[in-house]
Amino acid sequence: MLDEKTKEIVKSTIPFLQDKGTEITGIFYQNMFKAHPELLNIFNQNNQREGTQSKALANTVLAAAMNIDDLSALKPHVIQIGYKHRALQVKPEHYPIVGHHLIEAIGIVLGDTATDEIIDAWTAAYGEIAQVFIDAEKEMYKEEAWHDFKPFTVISVEKPVDGFVKIGLQSDFGIGKVIPGEYITVRIKKDGETYFSNRHYSIYAADETKNQVHIAIRKENKGIISNYLTQEVKPGDEICLSAPAGDFCLAENSQTNVLISSGIGMTPILPMAKASQEQGKKTIWIQNYRQLADNIFEKEVAPLRDKVEIITNETSTAGRINAEKLKNWLDFSEPMAFYLCGRPEFTIGVKNALIEAGASEADIYYEVFDAPKMATIFD
Ligand code: HEM
């Protein structure tokens, strides 16, 4: 437990952190990778280059400092980040390394004003915050369907629409139960690369009896894994995956589930829509596309059309989803749970429109692609 004085010192540094948070984490990453280059095997190099990861960590440290009196307020963030950490196999022994370099960076940026008192207070506070993550992740590791990254064989590669790829993968070991909405993490080391690259992809279908998972990928012009999966992968290739993870799943007590996806954000929403109607829940799926031709799941959605109410919105002709459209489509006097998946700008826009239309924030769940960027927008 932290004493009152330590908490006060930590809280007194919040204005400074707000101002210099990104600078601190920038220095932190640079020094940490110099001392521990092996950690480049788990950190996404694109996120480092774009600075999104450093902002995400800065925001989380700040949120923790603001909540130092009651760290339980961080729980939803800890769960979401904890699953990402587990998917990348972040372990308790990594936390002191991060702590050492983070406190060192705070000291460098504070310069002459870095008193022993401030450094000691932050060292104690980091220990407390790290323990919250370690404890949550310990429970998550107990539920992990398999440990570490294990090989899967590529069984199918399909390109339904230009710029998108669907890949089927099969293991020779039991994959356990896959929960609709979960993602898996792909780890690859390309010839000529020194370190592994990792990337999370939502599962759009799974067959546990055959140990198969299916993922969909949108082509991007960057990223080792995205390039490999959209351009080079072929049946018979071997790809290593860590166990399915994530907390984006159907709420147990909801009677009406409203699923709202944009583009490739359909990937986790598809199995959730299927599961929702199988559970006998009223299921409404609002599908947003830049253009309707971007629907890569027509084949999979077709059997759901008479069981799920599907509403489509094509932004190129009808504009974005807003509160007015939502009020026309949905009855806000009815209790509903909302599940959003798309890029950060889409997710934030729809979340705000739902609240404007009458939804309660507590009923809105979301999974964001580009999550580190999300952390920089939401806080
Ligand atoms: C209390 C300490 C920590 C905090 C507050 C923290 C916070 C965060 C946050 C906010 C994210 C972004 C989550 C997202 O993508 O949704 C993240 C991701 C990540 N964290 Fe942590 N983290 C901590 C400790 C660690 C440790 C000890 C490691 C391992 C050395 C680690 C490795 C990663 C990696 C690899 C990612 C994925 C982002 C990427 O690949 O660039 N974190 N963490």
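Predicted model: local features only at pLDDT ≥ 70, side-chain atom pairs only at ≥ 80, totals over all residues.
**Entry 1: strand S10.** I looked up strand S10, residues 337-342, and checked how much of it is buried. Six of its six residues are buried, so S10 is largely enclosed by the rest of the structure. Buried here means under 20% relative accessible area.

**Entry 2: partners of S10.** I looked for the strands that pair with S10. Strand S7, residues 256-262, pairs with S10 in the parallel sense over five bridges. In this pairing I noted Ile-260 opposite Leu-340 of S10. Strand S11, residues 364-368, also runs parallel to S10 and is joined to it by five bridges. Here Cys-341 stands opposite Glu-367 of S11. I followed the chain from S10 through H13 to S11 and recorded a right-handed β-α-β crossover.

**Entry 3: second largest pocket.** Strand S8 (282-289) and helix H13 (344-357) each supply at least two lining residues. The space in this pocket is about 610 Å³. I counted 24 lining residues, with Ser-262, Asn-288, Arg-290, Thr-315 and Phe-346 nearest the centre. By class, the lining has seven nonpolar, nine polar and eight charged residues.

**Entry 4: iron.** Which residue is the protein donor of the iron atom of the ligand? I found His-85, through NE2 at 2.1 Å, as the only one. His-85 sits in helix H5, residues 75-87.

Methods. Residues numbered from 1 in each chain as written. Heavy atoms only, no water. 1 Å grid on protein atoms, 1.4 Å probe; cavity = no way out; pocket = protein on both sides within 12 Å on 5 of 7 lines; lining within 4 Å. Points joined across faces, edges and corners; volume = space filled by probe spheres on them. Helix = DSSP H or I, 4+ residues; strand = E, 2+ residues; numbered from the N terminus. Nonpolar A, V, L, I, M, F, W, Y, C, P; charged D, E, K, R; others polar. Donors = N, O, S within 2.8 Å, 3.2 Å for Na, K, Ca; no water. Buried < 20%, exposed > 50% of the residue type's maximum accessible area, 1.4 Å probe, protein only. Pairing = 2+ DSSP bridges. Right-handed = clockwise from strand over helix to strand, strands pointing away.
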